[in-house]
Amino acid sequence: MNLVGEKGVQRIFQIIAFSSIAALALIALFILAEGLPFILHYGPGQFLLSSDWQPQQGRFGIFPMMVASLWVTLGAMLIGAPLGVAGAVFLTEFCPRPVMRAVKPTIELLAGIPSVVYGFIGVMVLAPLIRAQWGGPGLSVLAGAIILGIMILPTVMSISIDALLAVPQSYREGSLALGATVWQTTRMVTLVAARSGIAASIILAMGRAVGETMAVIMVAGNAVKIPLSPLDSVRTMTANIALEMSYATGIHRQALFATGVVLFLMIMVLNTIASRVMRRAGR
Amino acid sequence: MRIPPRYTHRAAIAVLGAATLLTVAVLVFIIVFVLNKGLPVLSLSFLFTNPQDMGRAGGILPTLVGTLALPLLAIVIATPLGVGTAVFLTEYTQESATTMAIRFGTDCLAGIPSIIFGLFGYIFFVTTLRMGWSILSGGLTLAFMILPTIIRTSEEAIRAVPASYREVSFSLGATRWQTVRKVVLPNALPGIVTGVMLGIGRSIGETAAVIFTAGASLRMPHSIFDSVRTMSVHFYILAREGISSQNAYGTAAALIISVLAVNLAAYWLMNRYLARRS
């Protein structure tokens, strides 16, 4: 590297360091350039609030998909967040540290299971179970919510554990010395001190749930309609993009990119909130 | 009414313990279920023969090649960028608005769902840059996707190198770049490799971003400009279109084993590294 000299090396690193921002900007630019003109041309109100999705007739309303994404994500949070936080609390506060140190990597390892595999389990095991138990098609909001809830467990658990471990031991000792039980200490001291980190874990997991595609396509049924019960088949925004992208052309393809724009903006909002909350937790 | 604290304490243990057990049990069940059904199908001949009849019969050789090629290309591109960013953040600058912006950008990139990467890769690499559905388009898209993972783990690894190492190097008259190259990077290497392996693991399991950029051709690719199908895409197509549940299980088992093996190796490396540090 004598060719470029110290200053040159520094300049090179400076340029490389902007690669992630450049990547983000490129992604935002190309998705917006492809989707935004469509939204403006078709009318944002019509696009977002109409329930009429007939690509062949040139009618593109994604309201049912937005509602579907909302319900599936909320369901997933209802299942995944309490279980994940409970697991994190149990492992950090009630288990000996070696147990925690063994279980945490195992859970993080399981976060690597590909989403198609989760979807497949949903189809083979969960959907028949729901069909037999409560009727309906089986592939439904409920199945999607349960599978997504399981998928976000490692995220919630792992980040919550980090947040709980960051609470100074002296806080716990102070509470225990006053005669509180471990549970009282957890509820009134540790959880309160770690609440920002735990909130961040839940928001990040929500981002993952909203954006998840392959597993949802496989288990949620993909019918374009506003669900009236948890047993109804639905199509989320992500599923809509992935299902029709393979054959869409022209204005139809632009409509799918426009769906991507809505998704992208939602994720950016969630990420910004999470990073704000995280930073507050760091203080 | 007041329940005595020792009862609430016991109830909490029972409830929280049950939740933890349930979580671990579900995740373990998924792996056991797939391996149980898939391992009997999995054999050397399944891995190394060409598929016939859309995957109804035969093996998964071309998808194995795809699963090797895409992550490999992705890390070849993302590693220099990721490690370079980490070096800049740790060695060449102080905390400032710039580093905050870089960190925020990295966090945002990490949170973007894979379907958005797929859309972007399709419109940018496949269409605008005219690369078509190819290993190149897929690899580049995956590189964008795993960049944040590599930046974060490399930064942590580089920060873990004690300041005294750098001071000794500087005191011997070494320049900053010499210190980075000869002292910091070699000592941070295991941590950096861990990040790269996690990136590989994520690339192997990825479906949504790959299917729109690398395509789904079942033919054996001859160059990086050919379309290819990865194991995860193959598994998705087999399972979703009901082509062959037996071969789907076999592919799923191969997929899970490779992802877990890569991730396990990454954690093992990280633990050994941390143990040596402390």
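What percentage of the 278 residues in chain B do buried residues make up? They make up 49%, where a residue is buried if 20 or more other C-beta atoms, placed from the backbone, lie within 10 Å of its own.

This is a predicted model, in which local features need pLDDT of at least 70 and side-chain atom pairs count only at pLDDT 80 or more, while totals for chains, interfaces and linings use all residues. Residues are numbered from 1 along each chain as its sequence is written, and chains are lettered from A and ligands numbered from 1 in the order in which they are written.

**Stop 1: chain B as a whole.** Select chain B, which has 11 helices and two strands; these are DSSP runs numbered from the N terminus, helices being H or I of at least four residues and strands E of at least two. Along the sequence, their pattern reads α-α-β-β-α-α-α-α-α-α-α-α-α. The C-alpha atoms of chain B fill a box of roughly 70 × 65 × 35 Å along the principal axes.

**Stop 2: helix H4 of chain B.** Select residues 97-111 of chain B. The 15 residues of H4(B) should span 21 Å at 1.5 Å a residue, and the end C-alpha atoms are 21 Å apart, which agrees; the expected span is 1.5 Å times one less than the number of residues. Buried residues in H4(B) include Ile102(B), Arg103(B), Asp107(B) and Leu109(B).

**Stop 3: the contact between the chains.** Now show both chains. The contact takes 68 residues from chain B and 66 residues from chain A, two residues being in contact if their C-beta atoms, placed from the backbone, lie within 7 Å. On the side of chain B that touches chain A, H1(B) gives the most, with 18 residues. The residues of that side divide into 47 nonpolar, 17 polar and four charged; Ala, Val, Leu, Ile, Met, Phe, Trp, Tyr, Cys and Pro count as nonpolar, Asp, Glu, Lys and Arg as charged, and the others, Gly among them, as polar.

**Stop 4: two helices of chain A.** Select H6 (residues 115-134) and H7 (residues 141-165) of chain A, whose axes come within 10 Å and cross at roughly 135 degrees. Axes are lines fitted to C-alpha atoms, for helices over the stretch in contact, with angles from 0 to 180 degrees between N-to-C directions. Residues of H6(A) including Tyr118(A), Gly122(A) and Leu126(A) meet residues of H7(A), among them Ile146(A) and Ile150(A). By class, this contact of H6(A) with H7(A) has 10 nonpolar, three polar and no charged residues.

Terms used: Buried ≥ 20, exposed ≤ 12 C-beta atoms within 10 Å, placed from the backbone.
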